[in-house]
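Subject: Structure handover

Hello,

Here is the structure you asked about. Please load it before reading on.

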Amino acid sequence: EIHFYAANAEQVYVADGVFGPQTDSDVDLGTTGVRWKDAFIDSITTTTNITVGDDLTLLSDGAILGFGANNEVKLTHVHDAGLLLNAGMQLQFKNANQNIYGDTSQLNLRSNAVIDLTAPAVNMVSSTTVAMTTPEVVITSATTSKPTLTIQNTHNGTTGGELRFKSDDGAAGADGDDIGTISFYADDSGQNQTAFASIVAEVSESLDSDEAGKLTFFIAESDGTNTAQTAALILEGEHATDGQVDVTIGAGAASTTTIVGDLVVNGSTTTISTAQLTVEDDLITVSKGNDSIANANGSGLEIDATGGTNIAWKYNHGTTAWQSNVDIDTSGTGNTYKINGTEVLNSNTLGSGILASSLTSTGALNGGSITSGFGTIDTGSSTITTTGLISGGSLDIDDVVINGTTIGHTNDT
């Protein structure tokens with residue numbers, strides 16, 4: 001052995017395979033001001049700290065940094081990949097409640113407060129699902145007309161993305177269950193956050209294999225004091241009736257529904273429950289689509305008479321004429337009845353066109369008088385019978401029978 005002394009005390013010694021201090025933890029290699037240049041050592045074991053003034057390099061692939069008395073936490077170098085923290089261990093930040101760790105199936109990022117991601121853009125790529133368990137997701141922006149939520153499908157096909165509301169409480173569904181709501185809030189004049197509109201989807205019929213849905217659009221309305229949301233548009237599917245959806249538009253008898261453009265109604269019955277119906281068009285067409293006049297038989301207008309016979313004005317193809325099942329009475333004495341623009345009848349007189357025409361036959365005339373301007377009366381071979389007196393000017397007649405005696409010329413008396 002070789003022993004080295006300083007200040008009359010043995011400091012280090014050299015023995016077979018050993019270069020060490022005489023006393024444990026007593027001798028330094030170098031000082032803070034004068035250091036050894038390089039040290040080439042197979043391994044180092046220390047019971048206290050290691051201070052490195054510059055780089056610390058682990059040259060071997062698969063090198064491991066172990067931590068703890070039991071070496072239970074390890075960072076392993078993975079060649080050309082990175083560092084591997086052993087299973088079940090965490091990288092903790094500030095306290096044990098803020099950490100990153102991985103298990104056999106996932107990487108976990110956990111905090112007992114806020115996880116703040118700040119970057120010009122944050123990209124997440126998931127081949128299957130991004131799942132969040134939280135009571136609320138808030139997206140905030142101070143930029144005009146932002147934030148924007150975009151669902152973009154880049155697949156070259158005919159299908160698109162989907163925004164899905166899913167209700168699955170682990171129990172059987174029931175009629176009236178809400179599925180999801182889209183609400184629209186804004187400040188009122190008092191800066192109170194107010195719900196001005198919402199869209200609610202719900203279960204109308206939950207019966208297995210006979211399900212039907214309901215979608216309601218709510219709009220805020222006020223009575224001048226209180227504001228509440230009222231259903232303005234309701235779409236409800238019929239159950240046990242294939243292909244049928246009921247629609248309710250508007251709320252309140254005095255509300256107004258405006259349709260800009262044409263309205264096409266396809267169905268067997270259209271019911272209008274209103275006190276007054278106003279139609280701007282000059283022509284109303286009924287029984288549209290008939291390919292012949294005969295098929296229009298029975299078309300027209302009918303007034304409901306509960307407890308009695310409905311009042312009707314209909315086309316009768318048997319007579320090719322309009323037919324009414326009640327009297328027709330004009331509203332004023334000055335009104336007339338016309339055919340093709342010609343007056344034929346008013347309240348008390350035949351029209352002038354009728355009086356100037358030739359009547360070839362008529363029924364019994366039981367009243368009135370024949371005045372001097374009437375003209376010639378020609379009865380042909382028919383008999384004129386009277387029980388009264390015929391008076392006036394001269395009579396030019398032949399073979400008048402008076403009390404059984406025939407008078408044949410003017411000299412007979």
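Below are the findings, grouped by topic.

One caveat comes before the details: this is a predicted model.

**Salt bridges**

How many salt bridges does the count come to? The count is 3.

Start with Lys 37 and Asp 38. They form a salt bridge, with the closest N and O atoms 3.1 Å apart. Lys 37 is exposed, because its relative accessible area of 75% is over 50%. Asp 38 has a relative accessible area of 49% and is partly exposed.

Next is Arg 164 with Glu 162. Their closest N and O atoms are 2.9 Å apart in a salt bridge. Both Arg 164 and Glu 162 are exposed.

Then there is Lys 314 with Glu 302. Their side chains meet in a salt bridge at 3.2 Å, N to O. This pair links distant parts of the chain, 12 residues apart. Lys 314 sits in strand S16 (residues 311-316) and Glu 302 in strand S15 (residues 300-303). Lys 314 is partly exposed at 30% relative accessibility. Glu 302 is also partly exposed, at 44%.

**A charged residue without a salt bridge**

Side chains of opposite charge can pair when their charged atoms come close. Glu 205 has no such partner: it is buried and has no salt bridge. How far away is the nearest side chain of opposite charge? That side chain is Lys 214, and it is 12 Å away. A salt bridge needs the two atoms within 4 Å.

Glu 205 belongs to strand S11 (residues 193-205). What does its side chain reach at 2.9 Å? It reaches the backbone nitrogen of Leu 207. Setting aside neighbours within four places in sequence, Glu 205 is in contact with Asp 175, Asp 210, Glu 211, Ala 212 and His 239.

Val 137 lies in the loop between strand S9 (107-110) and strand S10 (178-187). Is Val 137 buried or exposed? Val 137 is exposed, with a relative accessible area of 54%.

**Backbone geometry**

Most residues other than glycine have a negative phi, and most peptide bonds are trans. Here are some exceptions.

The peptide bond between Lys 146 and Pro 147 is cis, with omega about 0°. Pro 147 is in the loop between S9 and S10.

Ser 25 has a positive phi, near 55°, and is not a glycine. Its place is the loop between strand S3 (18-21) and strand S4 (64-67). Ser 25 is exposed, at 68% relative accessible area.

Thr 320 also has a positive phi, near 45°. Thr 320 is in the loop between S16 and strand S17 (321-324). Its relative accessible area is 54%, so it counts as exposed.

Trp 313 is in strand S16. It is partly exposed, at 36% relative accessibility. Which residues does Trp 313 touch, not counting those up to four places away in sequence? They are Ser 299, Gly 300, Leu 301, Trp 322, Gln 323, Ser 324 and Ile 328. Trp 313 and Ser 324 are 11 residues apart along the chain, yet their C-alpha atoms are separated by 4.6 Å.

Gln 98 is in strand S8 (residues 95-102). Why does Gln 98 count as buried? Its relative accessibility is 18%, and buried means under 20%. Not counting residues up to four places away in sequence, Gln 98 touches Leu 91, Gln 92, Phe 93, Arg 110, Ser 111 and Asn 112.

Best wishes

Note on methods:
Residues numbered from 1 in each chain as written. Predicted model: local features only at pLDDT ≥ 70, side-chain atom pairs only at ≥ 80, totals over all residues. Heavy atoms only, no water. Helix = DSSP H or I, 4+ residues; strand = E, 2+ residues; numbered from the N terminus. Buried < 20%, exposed > 50% of the residue type's maximum accessible area, 1.4 Å probe, protein only. Lys, Arg positive; Asp, Glu negative; His and termini not counted. Polar contact = N/O pair within 3.5 Å; in protein donor to acceptor, adjacent residues only side chain to side chain. Contact = heavy atoms within 4.5 Å.
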